Amino acid sequence: MGRESVTSLPMKAVILAAGKGTRMGELTANLPKPMVLVEGKPVLEHILTGLRDEAGIRDFFIIIGWCGEVISDYFGDGKRWDVRVSYGEQKVQDGTGKAPEIAQAWVGNDRFLLTYGDILLRPPTDYALLVDAFKEEGVIAVKDGEDLTKGGAVVLNREGFMTDIVEKGSSSQVPANAYYNAGIYLLTPGIFDYTARLEKSPRGEFEFTDALKASAKAGDRLRGVTLRRAWADVRDPSVLAELNSGSNGPMTADSSKSVILSLSKDQPPVSPGLWGTVYAFWKLILRLRPAKRDSAQDDSSFS
């Protein structure tokens, strides 16, 4: 994707929001999945305002599909949120690999953040962490402590750059130096060189992760950055119920849990009642040690 400096270039955001959310049943019967409510606001609104406030992004391109008018009618041109919003429609649901190309002309020569419209960060401060880490050709957000057999396992080398992604592999297929793909990427327009050459996967779809793998194989440096705060893939009613359970719900507990699990994948379970004490203790330790991992950049302290 080229090795020119990207730190001084403008940042835009592309949000993939074309999903129907078939696993959510009646909740998305007439509503795109990114528009389900969390604490009274659509997930997509949480994403937009989080990127605005934490990453300073003001230009958004939302890729819509089924019931897309619900999204465009709600956000309009973005003035209500003091941002600019454009839209493009994914008319053929043929996977995530080709969807970003709908925004290619809009992206132009600018670097951009790409996220799925159902990925929620609570609080959204990790967006700033990802932007700060964008010093090479790209950044891929990863999570520790997740079941790597249920999603994409991002394999990182000792310098913290991606070498491969194993999609829903068995335990024996997932290397020890792998982390869960969190579905948020920071990229340069060079990624479109790889989406243009995609072929359909055995599932019959174009996979965006195949473009990322091709980029890494070509020598592009995609840095893995471990998210520090809580993360959720709003994909079924149970996840949504947890998100709406209140400020003391699972998302708060996960924020502490992710810190512990980032130290060891074999960390034994800890009683929920101990999380507050453990979190406070470990927060102090993190402030006294360099915030760096052997296999993934982790360069932001807690605030």
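Predicted model: local features only at pLDDT ≥ 70, side-chain atom pairs only at ≥ 80, totals over all residues.

Residues are numbered from 1 along each chain as its sequence is written, and side-chain values use heavy atoms, with hydrogens and water left out.

**The big picture**

- The protein has nine helices and 13 strands; these are DSSP runs numbered from the N terminus (helices are H or I with at least four residues, strands are E with at least two).
- Of its 303 residues, 53% are buried, meaning under 20% relative accessible area with a 1.4 Å probe, counting protein chains only.
- Take the contacts (heavy atoms within 4.5 Å) with a separation of 6 or more: 74% of them are between residues 24 or more positions apart.

**The nonpolar core**

- The largest nonpolar core holds 81 residues, and Leu51, Phe60, Met162, Ile191 and Leu212 touch the most other members.
- S11 gives the most to this core, with eight residues.
- A nonpolar core here is a set of buried Ala, Val, Leu, Ile, Met, Phe, Trp, Tyr and Cys residues joined through side-chain atoms within 4.5 Å.
- In soluble globular proteins, nonpolar side chains tend to be buried together.

**Strand S11 and its partners**

- Ten of the ten residues of S11 are buried, so the strand is largely enclosed by the rest of the structure.
- S11 runs antiparallel to S6, with four bridges joining them (two strands pair if DSSP finds at least two bridges between them); here leucine 114 sits opposite tyrosine 185 of S11.
- S8 is also antiparallel to S11, over five bridges, and valine 142 faces asparagine 181 in S11.
- Strand S9 (residues 152–156) makes three antiparallel bridges with S11, and alanine 153 has tyrosine 180 in S11 as its bridge partner.

**Helix H6**

- H6 covers residues 208–217, and its buried residues are Phe208, Thr209, Ala211, Leu212, Ser215 and Ala216.
- Those buried residues line one face of the helix, because they fall within an arc of 155° seen down the H6 axis, going by the directions from the axis to the C-beta atoms.
- Their cover includes strands S6 (111–116), S8 (138–143), S10 (162–167), S11 (178–187) and S12 (222–226), along with helix H5 (191–195).
- Just after H6, glycine 219 takes a positive phi of about 105°.

Terms used
Buried < 20%, exposed > 50% of the residue type's maximum accessible area, 1.4 Å probe, protein only.
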